[in-house]
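Look over the chain first, then read on.

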Amino acid sequence: MTKLNLFLHKLTHWEYWPYQVVYLPVYFQYLYYVIRTRSFFFFNASNPTIKNGGFFMESKKEIYDLIPPQYYPKTLLVSPNENLEVILQRINSENIQFPLIVKPDIGLRGTAVKKIHNTEELENYLKKAKFAILIQDLIPYENEIGLFYVKLPNQQGKITGIVSKEFMILTGNGKNTLRELLHQDKRYLLQLEVLEEEYKDKLNTILNEGETINLVPYGNHCRGTKFVDASHEITPEMMESFNIICSQINGFHFGRMDIMYHSYEDLAKGKNFQIVEINGAISEPTHMYDPKHSLLFGWKELTRHFHYMYLISKNNHKNGAKYLTFKEGVQEFKNHHKHYDAILEF
C-alpha cells in the first residue's frame, strides 16, 4: 500500500515527473534555436570561460577559480588514488576542519555529496571514489537558496528567480524512531532507500522531544529537499549587489548560484554568504518546482530562461565565443555518460 501511495503522490505532483516530460516544450524551442544558430551546441557560448558553458563535464574547481575566494568555502581538488596521508596534510595546511563536505569535481545532481565527520569516514569515501573529488570547509550559514542570474546583451544583469530550500530536518517527539518519522512525510519517504544505505541502524534512533537532525545537509531536490519559490525576496539592492559580485566572475552570464547565507537582509547587501557552487547552461530555474506552481508555470519559466540562454549565447558568439562543433559535442556527450556511470557506481 505504501508503494501505491508513493506512486500516486509522484503521479499527482509534477515536480517528480521524468525530465523528458517536463521539458517537452523546450525540445521544440531548442530545435528552433539550432536552426537559428546553425549549431546543435550553441549553449557552449553562454558562459565562455566555463567548459561547455556549464552544460556538461564542467569542473567545479575550475569554476571556483573564477570566483573571488572570499565568496566560496576553502576547497581542495583531490585526484583519484591520492594518498590519504597527503590529503590529510593538505587539509591541515588549509585549516579545513571536520566535519567537512566531499563531492565529485564533476557533479551529477547531488550524487556522492557527503558530509564527512572524521578520518575514517573520509578514508571509506576515498576507497569508493574513482573520480576527482573536492574537499570543502563546512559553510557556517544554515540557510540555502538558488539564485538565478542572467546578463543579457547590452543590459545590466538581473536576478530572475530565487528558490528557498527546506532541508530534510526531522524533529523528535521522544517516541518515534527516525525511520518512523520519515514515514510521516511522503517527500522524505521517497528517500528511504538511500537513507537506509547511508544511515543503516541509526534510523532506529529515537530523538528527544524537540531535538532535531538534518539527514541531508545539502539542498538537492533529488535528495529530498523541498523547493519553495522565494522570488518575492528580490530587491533593487540585492540586484545591485549581485551585479557587482557577478561582474567579478569572469565570463559568467547565465546560471544558478547555490548560496548559503545568514539572512536576506545581509544577502541584499552582499555580505554574510558563501557560494556553494555555480551551475551554468544546464541550470534550471528551480523556483518553478515549488509545489504551489502548476506545470504551465514550470513550462513558462523553462522556456523563458532557455530564451535568455539563446540570446546570451548568440551575442557571445558574435563577440568571439565559439560554439562546439558537432563532433566535439558528441564526444563531450560520450564523456558525460562515461562519467555518469562512474558516479552512479559510487
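Which hand does the crossing of H3 and H12 have? The crossing is right-handed. Keep in mind that this is a predicted model.

## Helices H3 and H12

Two packed helices are described by the angle between their axes and the distance between the axes. Start with H3 and helix H12, which spans residues 295-318. Their axes come within 10 Å. They cross at roughly 15°. Angles under 35 degrees count as roughly parallel, so H3 and H12 are roughly parallel to each other.

H3 contributes Pro25, Val26, Gln29, Tyr30, Tyr33, Arg36 and Thr37. H12 answers with Trp299, Leu302, Thr303, Phe306, His307, Tyr310 and Lys314. Sorted by class, this contact holds eight nonpolar, four polar and two charged residues.

## Helices H5 and H6

The next pair is H5, residues 84-93, and H6, residues 119-128. These helices pack at an angle of about 125°, and their axes are 11 Å apart. That angle makes H5 oblique to H6. H5 passes H6 in a right-handed crossing.

From H5 come Leu84, Ile87, Leu88 and Ile91. They meet Thr119, Leu122, Glu123 and Leu126 of H6. The contact of H5 with H6 divides into six nonpolar residues, one polar and one charged.

Glu85 also has its place in helix H5. Is Glu85 buried, exposed or partly exposed? Its relative accessible area is 48%, so Glu85 is partly exposed. Follow the chain to Gln136, and Glu85 is 51 residues away in sequence. In space the two are 17 Å apart, C-alpha to C-alpha.

Strand S4 covers residues 133-137 and includes Asp137. With a relative accessible area of 18%, Asp137 is buried. The cut-off for that class is under 20%. Which residues does Asp137 touch, not counting residues up to four places away in sequence? They are Pro73, Lys74, Asn95, Ile96 and Gln97.

Strand S5 runs over residues 143-150 and contains Glu144. Glu144 counts as buried because its relative accessibility is 6%. Its side chain has a partner. Glu144 makes a polar contact with the side chain of Lys165, at 3.2 Å.

## Backbone features to find

Go to the peptide bond from Phe98 to Pro99. This bond is cis, with omega near -5°. Pro99 sits in the loop between H5 and S2.

Two residues have a positive phi although they are not glycines: Arg38, at about 60°, and Lys200, at about 50°. Arg38 lies in the loop that joins helix H3 (24-37) and helix H4 (60-64). Lys200 is in the loop between helix H9 (192-199) and strand S8 (212-214). How do they stand in accessibility? Arg38 counts as exposed, at 79% relative accessibility. Lys200 is partly exposed, with a relative accessible area of 48%.

Which loop holds Leu66? Leu66 lies between H4 and strand S1, which covers 75-78. Leu66 and Ile249 are 183 residues apart along the chain. Yet their C-alpha atoms are separated by 5.5 Å. Leaving aside neighbours within four places in sequence, Leu66 is in contact with Thr49, Ile50, Gln248, Ile249 and Asn250.

Gly107 gives another such pairing. This glycine is in the loop between strand S2 (100-104) and strand S3 (114-116). Gly107 counts as partly exposed, at 34% relative accessibility.

How values were computed:
Residues numbered from 1 in each chain as written. Predicted model: local features only at pLDDT ≥ 70, side-chain atom pairs only at ≥ 80, totals over all residues. Heavy atoms only, no water. Axes fitted to C-alpha atoms, helices over the stretch in contact; angles between N-to-C directions. Helix = DSSP H or I, 4+ residues; strand = E, 2+ residues; numbered from the N terminus. Parallel < 35°, antiparallel > 145°, perpendicular 65-115°, else oblique. Left-handed = near helix turned anticlockwise from the far one by under 90°. Contact = heavy atoms within 4.5 Å. Nonpolar A, V, L, I, M, F, W, Y, C, P; charged D, E, K, R; others polar. Buried < 20%, exposed > 50% of the residue type's maximum accessible area, 1.4 Å probe, protein only. Polar contact = N/O pair within 3.5 Å; in protein donor to acceptor, adjacent residues only side chain to side chain.
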